[in-house]
Amino acid sequence: MATEIFVVAYDGHDRSVVDYAVVRAKASGAALHIVHVLQWSPYSFLTAEELDERKMRRRQELERARTTLLDPLVAEISAEGVTVDCEIRFGAPTEIILAVAEHQKAAMIFVGRTGRGPVQNKIFGSVTLGLAQVARIPTVIVP
Amino acid sequence: MPKTAALLPLAGASLLLTGPAAAQDAEPGFSIDATLSAIMEPVTTPFVSFIFAPLPGTELPWIVLWLITAAAIFTVYFGFVQFRLVGHAIQLVRGQYTSPDAAGEVTHFQALATAVSGTVGLGNIAGVAVAVSIGGPGATFWMILAGLLGMASKFTECTLGVKYREEYPDGRVSGGPMHYLRKGMAELGYAKLGRFLAVLFAIFCVFASWGGGNMFQANQAHAQLVVITGGEESFLNGRGWITGVVMAIIVFMVIVGGIKSIARVTEKLVPFMGLLYLGAALVIIGVEYDRIGWAVGQIFAGAFTGLGVAGGIVGALIQGLRRATFSNEAGIGSAAIAHAAVQTDHPVTEGFVSMLEPFIDTVVICTATALVITISGVMQQDPATGLYVWDQGLGQIATEGSLSGVELTSAAFGTAIPWFPYVLGLAVVLFAFSTMISWSYYGLKAWLFLFGDSKTSDLFFKVLFCLFVVLGASVSLGAVLDFSDASLFAMGIANIIGLYFLMPVVKREMTGYLAKLRAGKIPRYH
């Protein structure tokens with residue numbers, strides 16, 4: 001039987017969701033796929049200066065998320081003997097997490113109850129509810 | 001900094017004040033207008049006179065004909081692209097051809113929205129009032145025509161803006177006429193001419209950023225604030241410098257202090273205010289629905305007979321074309337700077353999208369303003385003849401309280417919705433502010449192109465820009481308007497010469513892209 005995949009929605013603050021997913025993955029021999037979504041709307045308004053700098057900022061945001069958040073996390077989880085990979089995406093969190101979970105043919109989605117960042121708190125709160133409402137894959141909400 | 005850099009601001013300041021040395025808005029005993037006009041006029045008058053010199057034997061300024069002819073040529077050369085491909089432009093804006101992998105990059109919608117908030121502004125409110133009150137309702141017809149033709153100019157310049165943009169190793173992007181004139185012309189073997197045109201464009205762009213992109217905005221924002229704080233009784237009346245200093249401080253906080261949140265709030269409010277403005281206009285037009293037919297009749301009659309307005313048809317035509325061009329900036333080259341940053345594999349796609357800008361700005365918003373002014377009856381007509389009454393002293397159609405510019409628009413909206421002038425006041429200040437922020441950036445780009453990218457030169461420009469905000473709010477409309485117009489239109493000289501050389505490049509881009517699109521080789525995602 002192929003290894004099961006658990007998709008973990010990680011906002012960069014709420015470690016308990018990752019920790020719990022690791023415990024479950026160890027217990028069931030599943031692999032983890034961590035998704036980190038950078039909030040982005042194609043319809044947001046930017047100044048002319050921000051337009052010109054957008055590509056640079058996007059690159060910096062990706063780089064920062066990778067080096068400060070995900071690389072250390074992946075290294076840490078791998079060290080515990082769990083197979084793990086990750087992806088960083090721009091867009092609306094709920095939609096992206098669902099799309100990734102479907103693409104990965106995930107067995108389960110793990111999501112935190114709330115995020116702790118000032119922006120993420122607002123956004124991720126609704127992401128949790130959104131996933132709970134529309135996900136067609138069993139979704140674990142980790143307090 | 002090179003010596004020329006130090007001289008330029010002086011030249012810029014000297015171009016500030018032209019036209020009548022009226023001191024309508026200066027404090028008694030301290031007439032900024034009169035004093036500065038006396039010093040600066042010798043330098044500014046030749047510039048303004050040259051830009052607006054009429055064609056021999058007519059009253060039509062050659063520069064207006066220059067822009068309109070170019071727009072007409074592009075329209076024909078690209079096979080009426082503005083009518084054929086507007087549907088595709090909307091598909092592009094909706095992101096139907098944007099790859100999900102490009103998430104986080106600048107979308108067509110964002111580039112368009114930023115460009116639109118840079119152009120939608122006082123031109124649509126105050127400029128239209130000027131056009132209709134001087135040229136009569138007939139000016140509206142010519143304004144719409146100029147808007148439709150202008151779509152082809154935007155298409156040409158914005159395609160080039162993306163094609164020849166600079167992409168720096170750190171990911172920053174920089175585009176616009178400075179780059180396509182230089183790089184595009186060099187590709188065609190006219191490197192020297194291209195360089196010359198790029199420099200010429202940049203010089204006028206700096207002036208325009210101080211004029212139309214700054215002083216005109218500050219001036220009209222102040223006028224509107226005076227109206228809503230009690231008119232002649234207002235404590236702001238005659239104290240433009242107060243408005244100026246406050247606005248300058250906020251602009252300073254954004255462009256020098258880097259407080260992006262202020263700019264971001266404005267960027268979000270501007271589309272909202274734009275919709276609110278349009279909504280109010282539609283409500284007024286709807287309420288007075290029995291006068292719509294009459295107003296449309298006035299527009300057509302005025303366009304071809306003049307309706308007794310001084311200057312007749314030519315007056316309507318000149319005012320219509322001039323205000324439309326001032327409002328939508330087609331052929332001027334400014335929009336190419338904002339549109340250049342879009343993420344696309346095909347530069348021409350942004351050209352298509354940019355066509356929506358003159359449409360929204362001129363065909364929709366300017367027309368709405370003109371209809372409200374016409375329908376409201378704020379312009380006095382002789383009941384016996386149906387002709388408009390000309391106010392010789394004001395140089396425009398007589399209005400109750402001798403109103404002009406943004407105050408006239410405000411009064412027109414006020415006839416149907418008495419509290420609307422307050423909303424309009426807020427809208428005007430926000431529009432003015434967002435246009436200033438956009439133009440501070442356009443001007444800065446041109447400035448750095450001329451004087452090199454250094455921190456000192458960057459800061460110097462920004463500080464100067466803030467000083468012009470104060471000046472703009474303190475001087476009279478006539479003076480500001482002449483300089484604003486002249487500098488903005490002057491950008492179109494260099495830009496359009498370049499566009500004529502480069503239009504075959506745009507055509508190749510367009511033909512290649514459309515062939516692929518028809519063959520189904522352009523992936524559609526949604």
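The model is predicted, so local features need pLDDT of at least 70 and side-chain atom pairs pLDDT 80 or more, while totals for chains, interfaces and linings use all residues. Residues are numbered from 1 along each chain as its sequence is written, chains are lettered from A and ligands numbered from 1 in the order written, and side-chain values use heavy atoms, without hydrogens or water.

**View 1. The interface between chain A and chain B.**
Here 20 residues of chain A are in contact with 33 residues of chain B (contact: heavy atoms within 4.5 Å). The two chains bury about 2,500 Å² between them, and 57% of that lies on carbon and sulfur atoms. Buried area is the accessible area (1.4 Å probe) that two parts lose on being put together, summed over both. A:Phe45, A:Leu51 and A:Asp52 supply 30% of the area that chain A buries against chain B, more than any other three residues. Between the chains there are 14 residue pairs in polar contact, with both residues at pLDDT 80 or more. A polar contact is a pair of N or O atoms within 3.5 Å; within protein, one must be able to donate a hydrogen and the other to accept it, and residues adjacent in sequence count only if both atoms are side-chain atoms. Helix 2 of chain A (residues 48-79) gives the most to the side that touches chain B, with 11 residues. Helices (H or I, at least four residues) and strands (E, at least two) are DSSP runs, numbered from the N terminus.

**View 2. B:Glu105 at the chain boundary.**
B:Glu105 sits in the loop between helix 5 (86-93) and helix 6 (108-119) of chain B. Is B:Glu105 buried or exposed? B:Glu105 is buried, at 10% relative accessible area. Buried means under 20% relative accessible area, exposed over 50%, and partly exposed in between (1.4 Å probe, protein chains only). A:Lys55 forms a salt bridge with B:Glu105, with the closest N and O atoms 3.4 Å apart. A salt bridge is a side-chain nitrogen of Lys or Arg within 4 Å of a carboxyl oxygen of Asp or Glu. The two side chains also make a polar contact (3.4 Å). The count between chain A and chain B is 3 salt bridges. Leaving out residues up to four places away in sequence, B:Glu105 touches A:Trp40, A:Arg54, A:Lys55, A:Arg58, B:Gln110 and B:Gln343.

**View 3. Helix 8 of chain B.**
Helix 8 (residues 138-163) has 26 residues and reaches 38 Å from its first C-alpha to its last. That is close to the 38 Å expected at 1.5 Å a residue, taken as 1.5 Å times one less than the number of residues. A kink of about 30 degrees is centred on B:Leu149. The bend at a residue is the angle between axes fitted to the seven residues ending there and the seven starting there. Helix 8 is mostly covered, with 21 of its 26 residues buried.

B:Lys154 forms a salt bridge with B:Glu357, the closest N and O atoms being 2.8 Å apart. The pair links distant parts of the chain: B:Lys154 is in helix 8, B:Glu357 is in helix 17, and they are 203 residues apart. Both B:Lys154 and B:Glu357 are buried.

**View 4. B:Cys366 in helix 17 of chain B.**
B:Cys366 lies in helix 17 (residues 356-376). B:Cys366 is buried, with a relative accessible area of 1%. The C-alpha atoms of B:Cys366 and B:Gly123 are 8.1 Å apart, though 243 residues separate them along the chain. Leaving out residues up to four places away in sequence, B:Cys366 touches B:Asn124, B:Val128, B:Met143, B:Ser327 and B:Asp361.

The side chains of A:Glu80 and A:Lys26 meet in a salt bridge (2.8 Å, N to O). A:Glu80 lies in the loop between helix 2 and strand 3, and A:Lys26 in helix 1 (residues 15-28), so the pair ties together parts 54 residues apart in sequence. A:Glu80 is partly exposed, at 39% relative accessible area. A:Lys26 is also partly exposed, at 45%. A:Gly81 counts as exposed, at 65%. Its C-alpha is 8.0 Å from that of A:Lys26, 55 residues away in sequence.
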